[in-house]
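Hi there,

Here is the structure I promised to pass on. Have a look at it first, and my notes on what turned up follow below.

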Amino acid sequence: MVISEFKNEPFVDFSMPENQERMKSALKKVKQELGKEYPLIIGGERVKTSEKFKSLNPSNPDEVIGILQQPADKEVTQAVEVAKDTFENWKHTSAKERAGYLFKAAKIMRDRKFELSAWLVYETGKTWPEADGDVAEAIDFMEFYAREALRYALHQPLTPFPGEINELRYIPLGVGVVIPPWNFPMAILVGMTSASFVTGNTVILKPSSDSPVIAHKFMEILDEAGLPSGVVNYLPGRGSVIGDGLVGNPHTRFISFTGSMEVGLHIVELASKAQPGQIWIKRVIAEMGGKDCTIVDSDTDLDSAADGVIAGAFGFQGQKCSACSRAIVVDSIYDEFVEMLKIRAQKLKVGMPTDPTNYMGPVINERAFKSILNYIEIGKQEGKLVCGGKALDRSGYFIEPTIIRDIASDARIAKEEIFGPVLAVIRAKDFEDALNIANSTIYGLTSSLYTRNRKYIERAKDVFHCGNLYFNRKCTGALVGVHPFGGFNMSGTDSKAGGKDYLLLFMQAKAISEKL
Ligand code: NAD
């Protein structure tokens, strides 16, 4: 099979009537499938437990998306055993065979794009384009990592040495625990899972309890692609109940985690303790939160900067790790720019994400809803409310796009991750001051700078401390292969998902030397 060069999956153009029709009929079809019960999948076996939990629609919490099994210690142990046994065969399969499953799964996902997007609209409150972006990125991850696995399986160059034949092979690690968040429940989950198994590891996939049904859809796709049983095992459920059992099990070899800093640090700590019977140091790949920003300099196209800040702050209700939660604006244009942001934010329509005229849907759950509203109250004390500031007066977790100005660089809403539609606007004396403010949080994930000043661009390249730095564009929307993604400091281990180094994190190199 000739494998073409990797190309990003194009986004669906929802301005075309035929695509609108396809999305509407997918939403109708999926609506009829809501409320079903989903089993655990352990070694291909469908398992039910006595304790269940529900996945709810954040736009309408009375609507049940699916009923899930809550695993306990017994199922955790069983899943680890199965993954461990399956690893003994799976580790010997060729990279070509493993990549083949990903190519097949990518094709199935492409064919079912609209249906999967519809599930995302219902389960996580994504608008049509946000849902489509999530599915497209999932396809990209599979296509990209399949090619990468083939590349790593090729002959690896070494320095020749007389009288010896030397070789270096990348081999898998073992049983991996994959723990994704709910905010990219397709893309991040698929990326972390695919990277794990295409490199020869077996997986216990523990999706977020806010998005377990979309994760089950991925399991169905892997099944259809013919992936052998036991390679990926599906164990949804609350992380607080089964997380420690998985991370602390002596037979799990690595943890691939994306989520909050608090949970990430807990995992790092637990994984660092060798358990009785454990014969390795566990590897943890942890991608965590952000307090990302956009710096706006005076020498720039202010309209384009305002559009970029608004899209970065309020796309998917600000629930992206890369979301722009701070706009740092230089003094000379500050007031004018805040006005421009206000006009734009007030035009954003908030409502049911099934309706394509809405730009923003709900936030994910009641806990997030309360926490964001609480941050808005804190923000009102710390600065001046420009617009928004309230929940919509209806059921569902809808919050207005909120802008708060005159925030000090050390205020709580300038430092803590809110993960909702709240933008703090901070005044900077000049560009240098803006850079200092930008770098003054514990995080370091994404940032952007709007300026025409070449000196400022070069200076920012040197000192702006973040994993993904953008100029004259918004700070969200990284593309697989194009913008390898991951952050510094408390944003994580900078694992650069969708980059050429990523698969190395799931393998170990074996050097083999034969004397002639
Ligand atoms: P979260 O930390 O609450 O949950 C993430 C995952 O961890 C979920 O699957 C959850 O069930 C599980 N979990 C919870 N407690 C656990 C425990 N004790 N042991 C093991 N697993 C446990 O995060 P979230 O609310 O799902 O996601 C939002 C967070 O993710 C934000 O902080 C966001 O910035 C971050 N995020 C980071 C990136 C990145 O690439 N850096 C990408 C997306 C999201």
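Let me begin with a helix. The buried residues of α7 are Pro212, Val213, Ile214, Ala215, His216, Lys217, Phe218, Met219, Ile221 and Leu222, where buried means under 20% relative accessible area, exposed over 50%, and partly exposed in between (1.4 Å probe, protein chains only). That is 10 of the 13 residues of α7, so this helix is largely enclosed by the rest of the structure. Helices here (H or I, at least four residues) and strands (E, at least two) are DSSP runs, numbered from the N terminus.

Before going further, a word on the source. This is a predicted model, in which local features need pLDDT of at least 70 and side-chain atom pairs count only at pLDDT 80 or more, while totals for chains, interfaces and linings use all residues. Residues are numbered from 1 along each chain as its sequence is written, and side-chain values use heavy atoms, with hydrogens and water left out.

Back to α7, which covers residues 212-224. The expected span of a helix is 1.5 Å times one less than its number of residues. After α7 comes Gly226, with a positive phi near 90 degrees.

Now for the ligand. It is surrounded by 29 residues, and the closest are Pro180, Trp182, Ser260, Met288 and Glu417; a residue is near a molecule or strand if one of its heavy atoms lies within 4 Å of it.

- Pro180: a polar backbone atom is 2.8 Å from a ligand oxygen.
- Ser260: a polar side-chain atom is 2.6 Å from a ligand oxygen.
- Glu417: a polar side-chain atom is also 2.6 Å from a ligand oxygen.

On its own the ligand has 850 Å² of accessible area, and the protein covers 88% of this. Accessible areas come from the Shrake-Rupley method with a 1.4 Å probe; for residues, only the protein chains shown count as cover.

Which elements give two or more residues to the shell around the ligand? They are α8 (239-247), β10 (252-258) and α9 (261-271), and the largest share, 4 residues, comes from α8. By class, the shell has 14 nonpolar, 11 polar and 4 charged residues. Here Ala, Val, Leu, Ile, Met, Phe, Trp, Tyr, Cys and Pro count as nonpolar, Asp, Glu, Lys and Arg as charged, and the others, Gly among them, as polar. Domain 1 (40-288 + 495-515) and domain 2 (292-479) both give residues to this shell, so the ligand lies between them. The domain bounds come from an automatic or database domain assignment.

Some loop residues are worth a look too. Asp406, in the loop between β15 (402-405) and α13 (412-415), has a positive phi near 60 degrees, though it is not a glycine. Its relative accessibility is 31%, so Asp406 counts as partly exposed. Lys496 also has a positive phi, near 50 degrees, and is found in the loop between β18 (468-471) and β19 (507-515). At 17% relative accessibility, Lys496 counts as buried.

Arg112 sits in the loop between α3 (95-111) and α4 (113-124) and is buried, with a relative accessible area of 17%. The side chain of Arg112 makes a polar contact with the side chain of Glu115 at 3.0 Å. A polar contact is a pair of N or O atoms within 3.5 Å; within protein, one must be able to donate a hydrogen and the other to accept it, and residues adjacent in sequence count only if both atoms are side-chain atoms.

Is His155 buried or exposed? At 66% relative accessibility, His155 counts as exposed; its place is in the loop between α5 (128-152) and β6 (164-172).

Finally, Ser194 is in helix α6 (residues 187-198) and is buried at 0% relative accessibility. A polar atom of the Ser194 side chain lies 2.5 Å from the backbone oxygen of Val190.

Best wishes
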